[in-house]
Amino acid sequence: MTIKMEDIARLANVSRSAVSLALNGKEGVSEETRHRIFKVIDEYNYQPLRKRHQGNRPKLATVNFLAVKSAGLVNRNFRTLPFFDSLISALSEHITEFGGNLQIQTVESDKLAYPMSLSQSHLSGTIVLGTDLSEQQVQTILANYKNVVFIDTYYSNITADFVTMDNYQGAYAAGEHIINQGYKNIGYVASNKLTSNFNYRRKGFNDALRKYGVEIGNEHFYTSEPTELRPAGLDIDKIMSHNAPKAIFCEDDYIAIRLLKACLQAKIKVPEDLAIMGFDDIYETQLLSPELSTIHVDTNQIAYQALAQLQGQVCNTTWLPQKTLIATKVVERASL
């Protein structure tokens, strides 16, 4: 069988970023962990992704990965999030194709106006994890750093390089999928932390439902913490009270997982009593019973595209900023 990096991580019981560090000879994993990873690699004859042809284009010297910490999604625990783990592993895997090395740094959101000690050579650049960034913060970063690509956010009115999943398209596809499964009485659980990603998801989902003449009533619109896995926080009794929705779309998989756990505790059958769908396709969605229907986000393609755009900025004096939206796809599983 063809084995992927996430399969190695699962078989070795480590994170995908640990596998990437081991494969690239980087520090950050113990010798015991490294040995366990390579034992799996040898056993399954893993072959890394074939390197794409880069021609004679100059190589990057250093790629700074900058995470801006805030009180939102990218907080002090952001390194434990599956999206961050898969993103770092993908960047680490592709970095040798573009040259140089990857340096990971963090900065508090209130310190953006003060340039950090990032590599600023003419062949270096910075990829910014922009999940929580406001328009003003994006502008501040552009004013203080050269050669920047923002990922996991998008502002149509700002002239800069962006790479992110197509949140509108993904949520629109989710809405159509739920409708096509025969559901009309639909609920929505939104993040109580507003970001541009969630804004686009909300708009896409509602536009899809309106196409079929379906609206989400105020009584079926709920809010919740977006990155908390514990079942507490959703009032399942209130959701399942009079005229309960038959299907619920959650703005991310964490919310969906928490809702599914709450249903199991309350002995509510999924999908018979309540169908559930998430967004992001994190690894944990396949460990549930029933497995979670969701929207797949290709972090590997996001990472590669961000590096390609960064190389374009650094190595091409006529480079014009580019906004790239990576399409998503519906993953049908048993929860809906």
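Biologist: At what angle do α1 and helix α2 pack?

Modeller: In this predicted model, helix α2 covers residues 16–23, and its axis lies 8 Å from that of α1. The two helices pack at an angle of about 105°. Angles of 65 to 115 degrees count as roughly perpendicular, so α1 is roughly perpendicular to α2. The angle asked for is about 105°.

Biologist: How many residues of the contact of α1 with α2 are nonpolar?

Modeller: From α1 the contact takes Met5, Glu6, Ile8 and Ala9, and from α2 it takes Arg16, Val19, Ser20 and Leu23. Of these residues, 2 are charged and 1 is polar. The nonpolar residues number 5.

Biologist: Is the crossing of α1 and α3 left-handed or right-handed, and how many residues of their contact are charged?

Modeller: The crossing is right-handed. In the contact, Ile8, Leu11 and Ala12 of α1 meet Arg36, Ile37, Val40, Ile41 and Tyr44 of α3. These residues divide into 7 nonpolar and no polar, and the charged count is 1.

Biologist: Which handedness does the crossing of α2 past α4 have?

Modeller: The axes of α2 and α4 come within 7 Å and cross at roughly 15°. Angles under 35 degrees count as roughly parallel, and α2 and α4 are therefore roughly parallel to each other. The handedness of the crossing is left-handed.

Biologist: How many residues in the contact of α2 with α4 are polar?

Modeller: On the α2 side the contact uses Arg16, Ser17 and Ser20. On the α4 side it uses Pro82, Asp85, Ser86, Ile88, Ser89, Ser92 and Glu93. With 2 nonpolar and 3 charged residues in the contact, the polar count is 5.

Biologist: Which strands are at the edges of the open sheet of 6 strands?

Modeller: The strand order is β2-β1-β3-β4-β5-β11, with parallel pairing. Neighbouring strands are turned by 20° against each other on average, direction ignored. Each edge strand pairs on one side only, and the edge strands are β2 (101–108) and β11 (323–326).

Biologist: Which residue in β4 is the bridge partner of Thr126?

Modeller: Strand β3 (residues 124–129) and strand β4 (residues 148–151) run parallel and are joined by 4 bridges. Helix α4 (residues 82–98) lies across both, as well as β1, β2 and β5, and runs at about 145° to β2. The partner of Thr126 is Val148.

Biologist: Which residue in β7 stands opposite Tyr188?

Modeller: A further open sheet has 4 strands in the order β7-β6-β8-β9, with parallel pairing, and its edge strands are β7 (221–224) and β9 (275–277). Strand β6 (residues 186–191) is joined to β7 by 4 bridges. Helix α7 (residues 196–211) lies across β6, β7 and β8, running at about 170° to β6. Opposite Tyr188 stands Phe221.

Biologist: Over which residues does pLDDT stay under 50?

Modeller: The protein chain averages a pLDDT of 86, and 88% of the residues score at least 70. Where pLDDT is low, the predicted coordinates should not be read in detail. The model has 11 contacts beyond four places in sequence for the stretch under 50, which is residues 50–54.

How values were computed:
Residues are numbered from 1 along each chain as its sequence is written. This is a predicted model: local features need pLDDT of at least 70, side-chain atom pairs count only at pLDDT 80 or more; totals for chains, interfaces and linings use all residues. Side-chain values use heavy atoms; hydrogens and water are left out. Two strands pair if DSSP finds at least two bridges between them. Axes are lines fitted to C-alpha atoms, for helices over the stretch in contact, and angles run from 0 to 180 degrees between N-to-C directions. Contact means heavy atoms within 4.5 Å. A crossing is left-handed if the near helix is turned anticlockwise from the far one by less than a right angle, and right-handed if clockwise. Ala, Val, Leu, Ile, Met, Phe, Trp, Tyr, Cys and Pro count as nonpolar, Asp, Glu, Lys and Arg as charged, and the others, Gly among them, as polar. Angles under 35 degrees count as roughly parallel, over 145 as roughly antiparallel, 65 to 115 as roughly perpendicular and the rest as oblique. pLDDT is the predictor's confidence in each residue, from 0 to 100.
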